[in-house]
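Work through the exercises below with the sequence and the model side by side, and try each task before reading its solution.

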Amino acid sequence: MFTTPPKRARSGEAKQLRERAILDAARTLGAQHTVREVTLTDIAAAVGMHKSAMLRYFETREQIFLTLTAEGWREWSAAVRAALDTLDPATPETIGAALADTLTARPFFCDLLSQAPLNLERNVSLDAAHRFKTIALSQVAAIVEELRRHLDVTERQAVDVVATATSMAGALWQMAAPGTQLRTLYETHPELAHAAVDLGPQLTRILTALLTGMRAGAEATT
């Protein structure tokens, strides 16, 4: 249980601390129960606040999770750029694995990636959506620069790689249904074995195939 002082946060520092407590509580609850299942009431209870008081800090439940998605983009971008920088050699296979591994290591971020375009971005103010997109796109640009440094691809192709990695990570994570009764059903009924998605290996195969095709196309035009 997360607790915060009962007094209303008045100073800038106190407000930031309260916002951080709310975000941390939402992150913990989302990781435990999935983002879709966590309500504003759940988060308020975790930080010891009334639900109406939460609106002084975040306009909606979705803004809380969209803020966490922006943080996730920053964290993943740093991790994937560090991973790419250590590759020797940098091939479609090793780059695909680096992208997949850094996403698989962040299941909460994968969950957020699937929720952001479906409902998080659609239930916040335009200002909040603009702030989120600005952060996300800046991190995409940073990854794109690193991808182009390691592989002979155009900027548009590198953007497509990042878009494929993140969109497929979100979709495959939902299909994998980790920690749910549905996952147990898949694993205990042989006739449903094909539905038991293994996120890391499947995402690696998809990205490797995409990058291999891009490289082959570049070589064919030279």
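This is a predicted model: local features need pLDDT of at least 70, side-chain atom pairs count only at pLDDT 80 or more; totals for chains, interfaces and linings use all residues.

**Exercise 1.** Check whether the length of helix 1 agrees with its number of residues.

*Solution.* Helix 1 covers residues 12-33, which is 22 residues, and at 1.5 Å a residue it should span 32 Å. The end C-alpha atoms of helix 1 are 31 Å apart, which agrees with that expectation. After the helix comes Thr 34, whose phi is positive, near 80°.

**Exercise 2.** Determine which residues of helix 1 are buried, and which helices they pack against.

*Solution.* Taking buried to mean under 20% relative accessible area, one finds Arg 18, Glu 19, Ala 21, Ile 22, Leu 23, Ala 25, Ala 26, Leu 29 and Gly 30. These buried residues pack against helix 2 (40-47), helix 3 (51-54), helix 4 (61-85) and helix 6 (107-120).

**Exercise 3.** Describe how helix 1 packs against helix 2, and name the residues that meet.

*Solution.* The two helices pack at an angle of about 120°, with their axes 9 Å apart. That angle makes helix 1 oblique to helix 2, and the crossing is right-handed. From helix 1, Ala 21, Ile 22, Ala 25, Ala 26 and Leu 29 meet Asp 42, Ile 43, Ala 46 and Val 47 of helix 2.

**Exercise 4.** Which residues have the most contacts inside the largest nonpolar core?

*Solution.* The largest nonpolar core has 65 residues, and Ile 43 and Phe 65 are those with the most contacts inside it. Leaving aside neighbours within four places in sequence, Ile 43 is in contact with Ile 22, Ala 25, Ala 26 and Leu 29, and also with Val 38, Met 54, Ile 64 and Phe 65.

Conventions
Residues are numbered from 1 along each chain as its sequence is written. Side-chain values use heavy atoms; hydrogens and water are left out. Helices (H or I, at least four residues) and strands (E, at least two) are DSSP runs, numbered from the N terminus. The expected span of a helix is 1.5 Å times one less than its number of residues. Buried means under 20% relative accessible area, exposed over 50%, partly exposed in between (1.4 Å probe, protein chains only). Contact means heavy atoms within 4.5 Å. A nonpolar core is a set of buried Ala, Val, Leu, Ile, Met, Phe, Trp, Tyr and Cys residues joined through side-chain atoms within 4.5 Å. Axes are lines fitted to C-alpha atoms, for helices over the stretch in contact, and angles run from 0 to 180 degrees between N-to-C directions. Angles under 35 degrees count as roughly parallel, over 145 as roughly antiparallel, 65 to 115 as roughly perpendicular and the rest as oblique. A crossing is left-handed if the near helix is turned anticlockwise from the far one by less than a right angle, and right-handed if clockwise.
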